[in-house]
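This report describes the fold of a single protein chain for a reader who is new to structural analysis. Please examine the sequence and the model below before reading on.

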Amino acid sequence: MSARRVGLVGARGHTGRELLRLIAGRDDLELVFASSREWAGKRVSEMAPEITTDLVFEALGPAAVGARDVDAVILALPNGAGAPFVAAISPDTVIVDLSADYRFDDDWVYGLPEIHGRDRLAGATRIANPGCYATAGQLAIAPLRGRLVGDAHVFGVSGYSGAGTTPSRKNDTAALADNLMPYALSGHLHEREMARHSGEGVRFSPHVAAFFRGIVATTHLTLDAPMTLAEVEALYARAYAGEALVTIIDGIPEVRDAALQPGAVIGGFTLDDSGRKLVVVTALDNLLKGAAVQAMQNLTLALGLPEGPYSSPPL
(Lines give C-alpha, C1' and ligand atoms only; values in the text may rest on other atoms or scores of the structure.)
Protein backbone atom coordinates (compact mmCIF):
# COMPACT_ATOMS: atom_id res chain seq x y z
CA MET A 1 0.00 0.00 0.00
CA SER A 2 1.30 3.46 -0.86
CA ALA A 3 1.92 5.93 1.95
CA ARG A 4 -1.08 7.94 3.10
CA ARG A 5 -0.82 11.63 2.26
CA VAL A 6 -0.98 14.00 5.24
CA GLY A 7 -1.07 17.77 5.61
CA LEU A 8 -0.28 19.78 8.74
CA VAL A 9 -1.82 23.18 9.47
CA GLY A 10 -0.23 25.14 12.30
CA ALA A 11 3.23 23.64 12.07
CA ARG A 12 5.15 26.37 13.88
CA GLY A 13 4.31 25.56 17.51
CA HIS A 14 5.90 23.10 19.91
CA THR A 15 3.33 20.42 19.08
CA GLY A 16 3.75 21.04 15.34
CA ARG A 17 7.47 20.38 15.69
CA GLU A 18 6.76 17.03 17.36
CA LEU A 19 4.21 16.10 14.72
CA LEU A 20 6.72 16.76 11.93
CA ARG A 21 9.19 14.42 13.64
CA LEU A 22 6.62 11.69 14.19
CA ILE A 23 5.29 11.82 10.63
CA ALA A 24 8.84 11.69 9.24
CA GLY A 25 9.49 8.54 11.26
CA ARG A 26 6.83 6.53 9.44
CA ASP A 27 7.10 4.85 6.04
CA ASP A 28 3.32 4.65 5.70
CA LEU A 29 2.75 8.42 5.95
CA GLU A 30 3.89 11.13 3.55
CA LEU A 31 3.87 14.79 4.57
CA VAL A 32 2.70 16.69 1.48
CA PHE A 33 2.25 20.15 2.98
CA ALA A 34 2.98 22.05 6.17
CA SER A 35 1.29 25.40 6.69
CA SER A 36 2.76 28.18 8.83
CA ARG A 37 2.43 31.90 8.17
CA GLU A 38 5.53 32.74 10.21
CA TRP A 39 7.72 30.14 8.48
CA ALA A 40 6.32 30.47 4.94
CA GLY A 41 9.01 30.02 2.31
CA LYS A 42 11.48 28.26 4.60
CA ARG A 43 12.35 24.61 4.22
CA VAL A 44 10.57 22.35 6.66
CA SER A 45 13.92 20.70 7.37
CA GLU A 46 15.10 23.93 9.02
CA MET A 47 12.64 23.24 11.84
CA ALA A 48 12.59 19.46 11.56
CA PRO A 49 15.81 17.91 10.22
CA GLU A 50 13.99 14.57 10.11
CA ILE A 51 12.16 15.85 7.01
CA THR A 52 14.62 15.03 4.24
CA THR A 53 12.60 16.32 1.27
CA ASP A 54 12.71 19.85 -0.18
CA LEU A 55 9.25 20.60 1.22
CA VAL A 56 8.79 24.25 2.21
CA PHE A 57 6.35 25.81 4.64
CA GLU A 58 3.37 27.49 3.00
CA ALA A 59 0.87 30.05 4.25
CA LEU A 60 -2.34 28.26 3.30
CA GLY A 61 -5.86 29.50 3.90
CA PRO A 62 -8.87 27.23 4.29
CA ALA A 63 -9.71 27.06 0.58
CA ALA A 64 -6.14 26.16 -0.36
CA VAL A 65 -5.99 23.43 2.28
CA GLY A 66 -9.35 22.08 1.15
CA ALA A 67 -8.10 21.88 -2.45
CA ARG A 68 -5.10 19.69 -1.59
CA ASP A 69 -5.20 15.98 -2.45
CA VAL A 70 -4.59 14.38 0.94
CA ASP A 71 -5.95 11.52 3.01
CA ALA A 72 -5.74 13.44 6.28
CA VAL A 73 -5.17 16.89 7.74
CA ILE A 74 -3.89 17.58 11.24
CA LEU A 75 -5.03 20.95 12.60
CA ALA A 76 -2.62 22.27 15.25
CA LEU A 77 -4.24 25.69 15.57
CA PRO A 78 -5.27 27.86 18.53
CA ASN A 79 -8.75 27.40 19.94
CA GLY A 80 -11.36 29.04 17.72
CA ALA A 81 -9.25 29.08 14.55
CA GLY A 82 -10.10 25.74 12.96
CA ALA A 83 -13.73 26.06 11.84
CA PRO A 84 -13.03 27.63 8.40
CA PHE A 85 -10.58 24.83 7.63
CA VAL A 86 -13.02 22.15 8.77
CA ALA A 87 -15.70 23.65 6.53
CA ALA A 88 -13.34 23.65 3.52
CA ILE A 89 -11.99 20.10 3.89
CA SER A 90 -13.85 17.22 2.25
CA PRO A 91 -16.05 15.15 4.60
CA ASP A 92 -14.15 12.08 3.38
CA THR A 93 -10.79 13.44 4.51
CA VAL A 94 -9.67 12.57 8.04
CA ILE A 95 -9.25 15.60 10.30
CA VAL A 96 -7.50 15.36 13.66
CA ASP A 97 -8.05 18.63 15.49
CA LEU A 98 -5.77 19.43 18.43
CA SER A 99 -7.73 22.44 19.64
CA ALA A 100 -10.60 22.30 22.11
CA ASP A 101 -13.14 23.37 19.48
CA TYR A 102 -14.77 19.97 18.92
CA ARG A 103 -14.14 18.11 22.18
CA PHE A 104 -17.74 18.77 23.24
CA ASP A 105 -19.28 18.05 19.81
CA ASP A 106 -21.13 14.73 19.54
CA ASP A 107 -20.53 14.70 15.78
CA TRP A 108 -16.81 14.30 16.41
CA VAL A 109 -15.04 11.26 17.86
CA TYR A 110 -13.16 12.05 21.05
CA GLY A 111 -9.84 10.31 20.60
CA LEU A 112 -8.40 8.85 23.80
CA PRO A 113 -7.95 5.23 22.67
CA GLU A 114 -6.93 3.68 25.98
CA ILE A 115 -10.18 4.78 27.62
CA HIS A 116 -12.80 5.37 24.95
CA GLY A 117 -11.84 2.53 22.64
CA ARG A 118 -10.30 2.07 19.25
CA ASP A 119 -13.35 0.82 17.35
CA ARG A 120 -14.91 4.28 17.29
CA LEU A 121 -11.76 5.68 15.67
CA ALA A 122 -11.54 3.14 12.85
CA GLY A 123 -12.67 4.95 9.71
CA ALA A 124 -13.59 8.13 11.59
CA THR A 125 -13.07 11.36 9.65
CA ARG A 126 -13.60 13.96 12.38
CA ILE A 127 -11.52 13.39 15.52
CA ALA A 128 -11.09 15.73 18.49
CA ASN A 129 -7.74 15.27 20.20
CA PRO A 130 -7.99 15.51 24.01
CA GLY A 131 -6.22 18.15 26.05
CA CYS A 132 -3.01 17.32 27.89
CA TYR A 133 -4.30 17.83 31.43
CA ALA A 134 -7.57 16.16 30.45
CA THR A 135 -5.65 13.09 29.31
CA ALA A 136 -3.70 12.89 32.56
CA GLY A 137 -6.80 13.30 34.71
CA GLN A 138 -8.93 10.84 32.78
CA LEU A 139 -6.24 8.17 32.90
CA ALA A 140 -6.35 8.46 36.70
CA ILE A 141 -10.15 8.46 36.94
CA ALA A 142 -11.23 5.97 34.26
CA PRO A 143 -10.57 2.64 36.02
CA LEU A 144 -12.86 3.75 38.86
CA ARG A 145 -15.75 5.18 36.87
CA GLY A 146 -19.03 4.35 38.56
CA ARG A 147 -17.31 3.59 41.87
CA LEU A 148 -16.79 7.20 43.03
CA VAL A 149 -18.71 9.60 45.22
CA GLY A 150 -18.25 13.35 45.06
CA ASP A 151 -15.91 15.14 42.71
CA ALA A 152 -12.47 14.00 41.67
CA HIS A 153 -9.94 16.67 42.63
CA VAL A 154 -7.07 17.04 40.15
CA PHE A 155 -4.05 19.19 41.09
CA GLY A 156 -1.97 19.69 37.96
CA VAL A 157 1.45 21.21 37.30
CA SER A 158 2.70 21.69 33.73
CA GLY A 159 5.86 22.87 32.07
CA TYR A 160 5.61 26.21 30.30
CA SER A 161 5.54 24.69 26.81
CA GLY A 162 1.86 24.10 27.57
CA ALA A 163 1.35 27.85 27.30
CA GLY A 164 2.37 27.78 23.62
CA THR A 165 4.76 30.05 21.74
CA THR A 166 2.80 33.32 21.93
CA PRO A 167 4.51 35.35 24.70
CA SER A 168 2.62 35.49 27.99
CA ARG A 169 3.39 35.45 31.68
CA LYS A 170 2.79 31.67 31.70
CA ASN A 171 5.75 31.05 29.36
CA ASP A 172 7.94 33.90 30.62
CA THR A 173 10.93 32.14 32.17
CA ALA A 174 11.81 35.22 34.21
CA ALA A 175 8.33 35.32 35.79
CA LEU A 176 8.46 31.56 36.40
CA ALA A 177 11.92 31.46 37.95
CA ASP A 178 11.74 30.17 41.55
CA ASN A 179 7.97 30.29 41.19
CA LEU A 180 4.82 28.16 40.85
CA MET A 181 2.02 29.97 39.04
CA PRO A 182 -1.64 28.96 39.68
CA TYR A 183 -4.17 30.04 37.04
CA ALA A 184 -7.76 29.45 35.86
CA LEU A 185 -8.79 28.21 39.28
CA SER A 186 -12.44 27.67 38.36
CA GLY A 187 -14.10 26.50 35.17
CA HIS A 188 -10.92 25.61 33.29
CA LEU A 189 -11.70 24.08 29.91
CA HIS A 190 -9.95 20.84 30.85
CA GLU A 191 -12.06 20.58 34.00
CA ARG A 192 -15.22 20.53 31.89
CA GLU A 193 -13.58 18.19 29.39
CA MET A 194 -12.61 15.68 32.08
CA ALA A 195 -16.08 15.78 33.60
CA ARG A 196 -17.84 15.31 30.27
CA HIS A 197 -15.76 12.39 29.08
CA SER A 198 -15.21 10.62 32.40
CA GLY A 199 -18.85 10.89 33.48
CA GLU A 200 -17.68 11.98 36.94
CA GLY A 201 -17.61 15.31 38.72
CA VAL A 202 -14.19 16.96 38.49
CA ARG A 203 -12.53 19.91 40.18
CA PHE A 204 -9.24 20.98 38.64
CA SER A 205 -6.47 23.35 39.73
CA PRO A 206 -3.83 24.00 37.04
CA HIS A 207 -0.37 25.44 37.71
CA VAL A 208 2.64 26.19 35.53
CA ALA A 209 6.27 25.89 36.61
CA ALA A 210 9.71 26.77 35.24
CA PHE A 211 10.46 23.44 33.52
CA PHE A 212 9.78 23.26 29.76
CA ARG A 213 7.80 20.07 29.18
CA GLY A 214 5.86 17.51 31.17
CA ILE A 215 2.82 17.31 33.45
CA VAL A 216 2.16 15.82 36.86
CA ALA A 217 -1.48 15.47 37.92
CA THR A 218 -2.25 14.40 41.49
CA THR A 219 -5.84 13.15 41.66
CA HIS A 220 -7.83 12.68 44.88
CA LEU A 221 -10.77 10.26 44.61
CA THR A 222 -13.40 9.12 47.13
CA LEU A 223 -14.56 5.52 46.63
CA ASP A 224 -18.14 4.42 47.23
CA ALA A 225 -16.90 1.37 49.17
CA PRO A 226 -13.60 0.50 50.83
CA MET A 227 -10.86 -1.17 48.80
CA THR A 228 -7.43 -2.50 49.65
CA LEU A 229 -4.35 -1.12 48.00
CA ALA A 230 -3.77 -4.46 46.30
CA GLU A 231 -7.28 -4.30 44.82
CA VAL A 232 -6.72 -0.77 43.55
CA GLU A 233 -3.39 -1.62 41.96
CA ALA A 234 -4.85 -4.74 40.33
CA LEU A 235 -7.76 -2.69 38.95
CA TYR A 236 -5.44 -0.23 37.25
CA ALA A 237 -3.19 -3.00 35.97
CA ARG A 238 -6.20 -4.70 34.34
CA ALA A 239 -7.54 -1.44 32.93
CA TYR A 240 -4.30 -0.69 31.09
CA ALA A 241 -3.05 -4.20 30.38
CA GLY A 242 -1.46 -4.34 26.96
CA GLU A 243 -1.39 -0.56 26.53
CA ALA A 244 2.02 0.36 25.16
CA LEU A 245 1.64 4.00 26.15
CA VAL A 246 0.50 3.56 29.77
CA THR A 247 2.96 2.30 32.40
CA ILE A 248 1.95 1.48 35.98
CA ILE A 249 4.75 1.90 38.53
CA ASP A 250 5.12 1.21 42.26
CA GLY A 251 6.55 4.61 43.10
CA ILE A 252 5.26 8.14 42.70
CA PRO A 253 5.61 9.45 39.11
CA GLU A 254 7.57 12.65 38.65
CA VAL A 255 7.96 15.00 35.70
CA ARG A 256 11.28 13.44 34.74
CA ASP A 257 9.66 10.00 34.48
CA ALA A 258 7.48 11.14 31.56
CA ALA A 259 9.16 14.14 29.92
CA LEU A 260 10.50 13.18 26.48
CA GLN A 261 8.63 9.86 26.71
CA PRO A 262 5.75 9.00 24.36
CA GLY A 263 3.44 7.54 27.02
CA ALA A 264 1.98 8.19 30.46
CA VAL A 265 3.13 6.88 33.84
CA ILE A 266 0.62 6.17 36.61
CA GLY A 267 1.44 5.35 40.22
CA GLY A 268 1.64 6.78 43.72
CA PHE A 269 -1.43 4.79 44.75
CA THR A 270 -2.22 5.73 48.35
CA LEU A 271 -5.29 4.94 50.48
CA ASP A 272 -6.22 6.40 53.85
CA ASP A 273 -7.17 4.22 56.80
CA SER A 274 -10.83 4.10 55.72
CA GLY A 275 -9.93 2.47 52.40
CA ARG A 276 -12.10 5.01 50.60
CA LYS A 277 -9.90 8.04 50.02
CA LEU A 278 -7.47 7.34 47.19
CA VAL A 279 -4.66 9.36 45.64
CA VAL A 280 -3.36 8.57 42.13
CA VAL A 281 -0.53 10.38 40.34
CA THR A 282 -0.20 10.63 36.55
CA ALA A 283 2.79 12.00 34.65
CA LEU A 284 3.03 12.55 30.92
CA ASP A 285 4.70 14.77 28.36
CA ASN A 286 2.21 17.48 27.39
CA LEU A 287 3.68 17.70 23.88
CA LEU A 288 3.62 13.93 23.28
CA LYS A 289 0.93 11.75 24.90
CA GLY A 290 -0.72 15.07 25.78
CA ALA A 291 -0.78 16.19 22.13
CA ALA A 292 1.35 14.92 19.20
CA VAL A 293 1.65 11.21 20.04
CA GLN A 294 -2.06 11.07 20.84
CA ALA A 295 -2.84 12.78 17.52
CA MET A 296 -0.74 10.17 15.73
CA GLN A 297 -2.57 7.37 17.55
CA ASN A 298 -5.87 8.83 16.42
CA LEU A 299 -4.68 9.46 12.86
CA THR A 300 -3.27 5.98 12.33
CA LEU A 301 -6.29 4.26 13.86
CA ALA A 302 -8.60 6.26 11.59
CA LEU A 303 -6.53 5.30 8.54
CA GLY A 304 -6.24 1.63 9.51
CA LEU A 305 -2.48 1.81 10.15
CA PRO A 306 -0.42 0.49 13.09
CA GLU A 307 -0.38 2.91 16.04
CA GLY A 308 3.33 2.86 16.73
CA PRO A 309 6.07 2.47 17.68
CA TYR A 310 6.79 5.98 18.90
CA SER A 311 10.34 7.17 19.41
CA SER A 312 11.36 9.75 21.98
CA PRO A 313 12.50 13.15 20.70
CA PRO A 314 16.22 14.00 20.82
CA LEU A 315 17.48 15.78 23.93
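## A histidine in helix α8

H197 lies in helix α8. Helices here are DSSP runs of H or I with at least four residues, strands are DSSP runs of E with at least two, and both are numbered from the N terminus. The model is a predicted one, in which local features need pLDDT of at least 70 and side-chain atom pairs count only at pLDDT 80 or more, while totals for chains, interfaces and linings use all residues. Residues are numbered from 1 along each chain as its sequence is written, and side-chain values use heavy atoms, with hydrogens and water left out.

Is H197 buried or exposed? H197 counts as buried because its relative accessibility is 15%. The term buried means under 20% relative accessible area, exposed means over 50%, and partly exposed lies in between, with a 1.4 Å probe and protein chains only. When residues up to four places away in sequence are not counted, H197 touches R103, Y110, H116, Q138 and R145. Such a contact means heavy atoms within 4.5 Å.

## The covered side of α8

Helix α8 spans residues 189-198. Its buried residues are H190, E191, E193, M194, H197 and S198. These residues are on the same side of α8, because they cover an arc of only 165 degrees around the axis. The arc is that of the directions from the helix axis to the C-beta atoms.

What covers these buried residues includes β5, α5 (113-116), α6 (132-141), β7 (152-158) and β9 (202-208). After α8 comes G199, which has a positive phi near 75 degrees.

## The parallel sheet

Six strands form an open sheet: the 6 strands stand in the order β2-β1-β3-β4-β6-β5, with parallel pairing. Its edge strands, each pairing on one side only, are β2 (29-35) and β5 (109-110). Two strands pair if DSSP finds at least two bridges between them. Strands of a sheet pair through backbone hydrogen bonds, either parallel or antiparallel.

Within this sheet, strand β1 (residues 4-9) runs parallel to strand β3 (residues 72-75), and 4 bridges join them. For G7, the bridge partner in β3 is V73. Helix α11 (residues 288-303) lies across β1, β2, β3, β4 (94-97) and β6 (126-128), and runs at about 165 degrees to β4. For such angles, axes are lines fitted to C-alpha atoms, for helices over the stretch in contact, and angles run from 0 to 180 degrees between N-to-C directions.

## Further strand pairs

Strand β7 runs antiparallel to strand β10 (residues 215-222), with 6 bridges joining them. V157 has V216 as its bridge partner in β10. In turn, β10 pairs with strand β13 (residues 277-284) in the antiparallel sense over 8 bridges, and T219 stands opposite V280 in β13.

Of the 8 residues of β12, 6 are buried, so this strand is described as mostly covered. Strand β11 (residues 246-248) runs parallel to β12 and is joined to it by 3 bridges, with T247 opposite V265 in β12. By contrast, β12 and β13 run antiparallel and are joined by 5 bridges. β12 and β13 form a hairpin with 5 residues between them, and G275 in the turn has a positive phi of about 75 degrees.

Most residues other than glycine have a negative phi, and most peptide bonds are trans. A184, in the loop between β8 (181-182) and α8, has a positive phi near 45 degrees. A184 counts as partly exposed, at 35% relative accessibility. L260 also has a positive phi, near 70 degrees, and is found in the loop between α10 (255-258) and β12 (264-271).

The peptide bond from G308 to P309 is cis, with omega near 0 degrees. P309 is placed in the segment after α11.

## The chain as a whole

The chain contains 11 helices and 13 strands. Its radius of gyration, taken over C-alpha atoms, is 19 Å, close to the 20 Å that the globule rule (2.2 Å times the number of residues to the power 0.38) gives for 315 residues, so the chain is as compact as a globular protein of that length. Of the 315 residues, 53% count as buried.
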